[in-house]
Structure formats: structure tokens, C-alpha cells
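Trainee: Hi! Could you walk me through this structure in plain words?
Mentor: Happy to, let's have it up on the screen.

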Amino acid sequence: MQELVEIRWHARAGQGAVTASKLLAETALLQGQYIQAMPEYGPERTGAPLKAYTRVSNERIELHNNIVHPDIVVILDDTLLPIIDVLEGIKEGGTVILNTALSAEEARAALKAPADLRVATVDASGIAVATIKRDIPNTPIVGALAEITGVVPVQALKDNLIKSFGKKFSQEVIDANLASVDRAVEEVKVA
Amino acid sequence: MSAITVFAGTGNNMVAEALRQAAPDVVAAYPITPQTTIVEGYAKFVADGRVHTELVNVESEHSALSACVGASAAGARVATATSSQGLALMWEELHIASGMRLPIVMANANRAISAPINIHGDHSDVMGARDSGWIIFFAETAQEAYDNTIISFPIAEDPAVSLPVLTTLDGFITTHAMERCELLDDATVKAYVGDRVPENPLIAGDKPVSHGMFASLGGTYFEVKKAERAAIDASPPVIQKYGDAWEKVCGRPFDFIDSFACEDADFILVMLGSAAGNARTVARELRAQGIKAGVLRVRVYRPFPADAVRAALKGAKAIGILDRSDSFGAQYGPLGLDVRAALYDLPQRIPTRNYVFGLGGADVTLETMHKAYAELAELASGTLDEGLSYLGTRG
């Protein structure tokens, strides 16, 4: 893996982006990586656009600022596309992962993504409603991210879900989350 | 043999753990963003029986530190945590704690001061406590916030020091970002911090004493203050001793300053806190281009390590001092004044610029560090004058 991978998350408050940014970081830590995860704090209002960040590296991470040139951008809500410049500063050859019912080709057009970017789509909300019974798309989208980018192995993510969710949630909830990861891994498409 | 737990934690998680492991008898605190999760985490430790502390929920920060003063005078090991307006509200008691030579350990989540209201990270709050006689640490990372908090207890409680300690970390940037953290086992930390042995406790001693007496004309007040000055001036060897002892336990280096590539550097940026990693990142980029850049971070801010700072900076062609607060109406910001005063004792004069940056949590981009280094090159060549400027504002 490359030395430092920087991931920016776009979501609306309440969709679990902060949890997702930390879930990914924790999983990478268990893989022996150095990590950083932080939300951009502001007035917290459910539904308001927010950003969160994750850094993963083989070496100690010294940077303590917002991520302005991400390798990966994850968007948990496609209604943000008309109002937020989600691709701002993304590195050449970077990856965009979008929670949407659109096809990967339609998403590429909606994002106005340059040809060098990889665009991946997954209906994480649909999967979440079917498995977790609530539109909390964070767990499935981290599954899609693991599958597409390999920042963490999918199995490591599932192991960590069992470990960290095991402290707070019932077996039923954990199983639903694991099922959401499996479905996202299966259904994520790249254009 | 010590055991280490590696986990993903925030700076506030790490401060709460450090406090738990030092096991104060009394914690009196009031919540304020972004300190809240320290006390919240600590309250959970108490509720879960993981630490035996009298946790006092008070109605304000003024009361929090007042309760700490009473408990510390009684002979207890005492800790608290605050931030911003909370630290400002403690101003009376800050001086009472140091004047009464009470070894209270207080964590501060560094945050802007109103107005305008802002919950984010800068050093304006701590600088209000700068002259209050507390020993002051600035952490760069969550890990260092843990280390600084642990070493604060034996330093504060050493009879040769007997002063309160403020152990600070930058609001949100360090308090709330999740990082890779190493936690030592409880027994190792317990053995390191030892127990407080109070010299003249109000209770638990066998002779009756009074604390905080009236000291008016006749010179007593004056002499007590002279003793306070002598105590903080004499504290560096004690700070170094406990820092070195902790370095042996945890394997992480301890020094008053953290010097990066300053030995042969032409251009050095000096700062406190979490921004130093960004400066080092840019310094490495510049060194790859043949520009000799260095970074000096001050970890122990009070007592100010003037000799070490001067020694680290003496070979530079130009120095930029970054202040995450301002001292309005003064010639420079707080760190700017400290560093320039330290440089006065050099035989040669090195030009400096003072930059106020990152106020109210304004993001410290790598571009701002590049800009500062570029200005130092102009300063050294004489095309830019000395002075103070704000770095990273829109206008």
C-alpha cells in the first residue's frame, strides 16, 4: 500500500459518516497501520452537510489539518452533489465512492468526474434499509470502500465490526451489519 | 515488566486514562466544549469502579477550581480539566492555587476566547493563565497529552516544586481526532506517579495548620511571591528528572523542546502544540529541494526553556515565531516575545518575524507553512522587514 492514504467523507449529519471514518481507522489500526480520524466539527444539526476525514499510513502521521487533497472521496448522500463540490482537491487518479441508486455511468456524469478518476457506486441506503432496517448507509459503504480500494481487507472490517459493535449492540444488529457489508461488496460497481 | 495496549483513541480519551491511572483523590470539574469528554470519560471510570475518586459536580469552573484548592490544601491528590471561558472564569483561583503552592493538575482543551464565540482550537485561553505561576505543558499529539498528564503529577507534588501544572492539548485537533495511542498498564503508571506526601496538610496531619492567610504590609506577601518565582525557576531539573524517568518507562523521548533539523537550519519556525507536524512535513519537502529548514516546538512553555531555545536557534539566518494567540497591543504575540527575549542574549542578531496563525481553529494548511518559510528567506536577504503579521486570513 502507498505510504499515506487520505479519505474525505461527505454526508448529512445523522448518516453515520463520523462513525464510518472511525470504523475504517480502527480497522486499519488493527492491521498494524497508523491512523487518524476526525470530523469537521460545527453546529450539529441532523441533515446538515458535514465532512469527516480518515488518514491511514504505514508510518507515524504528523499532519494535523483537514484533508484538502484526498486520495478517496466517499459521499453518503447523492443530494449533496448539487450543493457541495465533493471532488474539490481530489488527487489525480483518485477514487470516488457514492451512495446512490444511479448506475456507475450515470453517477460519473452527475459528478462531472474527469476521466482519470475511478467512480464507484453502491446503493448503500437501499442495502441498509433491507438489512439493518434503517437508512444508515455507513457500514455498507465502508464495505464497498474496502472492496474497491483495499485500504483495509473486507474480512478485517467484518472482524472489527463484530468486536466493536459487540460492545454496544445485539447479535441481530451485528449480523445485519455484516450482511450489509457482504451485499455492498457484491453490488458495488465501478465506471 | 510493563504492558502496552494499542488502541484508537482521542486526546481526551488519553487524558482521561492518564488521570484514571494517576488516581486523584478528588476531581471537581464543570463541562465545557471541547474538554467535556475528558470529564465524561472520567465520570464513567468512577461509576464503573475503575478508579476511586470523589468526583465533585460543581456549578461553574470558578467553583471547580475552588473545590480543587480546598481539597489540595487538605492534602489530597487533585485534578480537574477545563477550556476557554472556563479557564477564564478560573482566573482568581489560578493565582490562589499557585500562591498557596498547591500541586493541582489541570488539563486544558485549548480553545479560542469569546467574542466572537468560537469553540475551536487556539491558545488564547492558555495565554490568559501564562503569568499565573502554573507550570504549563503543550502537547502535540494525543499520545503526548497522555505522557504530559502523567508526568505532571510527580512534578507538581515534588516538595521542591509544589506548584500546580496545566497540561494542555489543542481543542478538537488533538482532543477529538482519533489517533493510534499507546496506553501503559495501570500498575506501571501507579508505580511511576507514586503517592502524594503533603507537607502541611489541613487534615490528615498531626499538627493544626492554616492555609491562605492574610499577608499584608510588612513584606510577607512580597516574600511569598519571591518564593513562588524561586520555585518555578528551580523547577526545570525536577521536570527533567521526572521526564527522563517517564522516558525510561515508556520509551518516548522527553525534553522541554522538540527540535527538528535545527542543527544546520537556515530558516526555523518556532511554535507550540499540534501544528508542529505540519511544519515538519513542509520542512522535509524544503530540505528535499536543498533549503535548510528546521522546526522548533516548545513542549514545556512555563518555565520557559530560554537557554535550550537559544541554543537550538543560534545558527539560523532567520526565525519565524508562530503564535496561536495574540497579545493585543504588545510588540509581538506571547511566544514571539518569549523567543525574542531569549535571542537577546546571543552575540549576533538574528532577524525574526512573528506570525499569528490558526485562531479559532482556522485550518493550518501546508501552504501557510510554505508561505512562512518563503518569507524567512526574504527576511534573511533583507527584502522583508521584521514585524508581526497574520498568516492565513482572507484579507
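Mentor: Start with His64(A), which is buried, with a relative accessible area of 8%; buried means under 20%, exposed over 50% and partly exposed in between, using a 1.4 Å probe and protein chains only.

Trainee: How should I read the names and values?
Mentor: This is a predicted model, where local features need pLDDT of at least 70 and side-chain atom pairs count only at pLDDT 80 or more, while totals for chains, interfaces and linings use all residues. Residues are numbered from 1 along each chain as its sequence is written, chains are lettered from A and ligands numbered from 1 in the order in which they are written, and side-chain values use heavy atoms, leaving out hydrogens and water.

Trainee: Okay, where is the place of His64(A)?
Mentor: Look in the loop between β3 (49-57) and β4 (72-75) of chain A. Strands here are DSSP runs of E with at least two residues, helices are runs of H or I with at least four, and both are numbered from the N terminus.

Trainee: Which side chain makes a polar contact with the side chain of His64(A)?
Mentor: That of Glu179(B), at 2.6 Å. A polar contact is a pair of N or O atoms within 3.5 Å; within protein, one must be able to donate a hydrogen and the other to accept it, and residues adjacent in sequence count only if both atoms are side-chain atoms. Also, the backbone oxygen of Glu62(A) lies 3.1 Å from a polar atom of the His64(A) side chain.

Trainee: What else does His64(A) touch?
Mentor: Not counting residues up to four places away in sequence, its contacts (heavy atoms within 4.5 Å) include Gln36(A), Thr141(B) and Asn278(B).

Trainee: New topic: how much space lies in the largest pocket?
Mentor: About 1700 Å³. A pocket is an open set of points on a 1 Å grid over the protein atoms alone, where a 1.4 Å probe fits, with protein on both sides within 12 Å along at least five of seven lines; lining residues have an atom within 4 Å of a point. Points are joined across faces, edges and corners, and the volume is the space filled by probe spheres set on them.

Trainee: Which residues are closest to its centre?
Mentor: Of the 49 lining residues, those are Glu26(A), Ser164(A), Lys167(A), Lys168(A) and Met178(B). The largest share of that lining, seven residues, comes from α1(A).

Trainee: And what volume has the second largest pocket?
Mentor: About 1200 Å³. Its lining has 44 residues, and α9(B) gives the largest share, nine residues.
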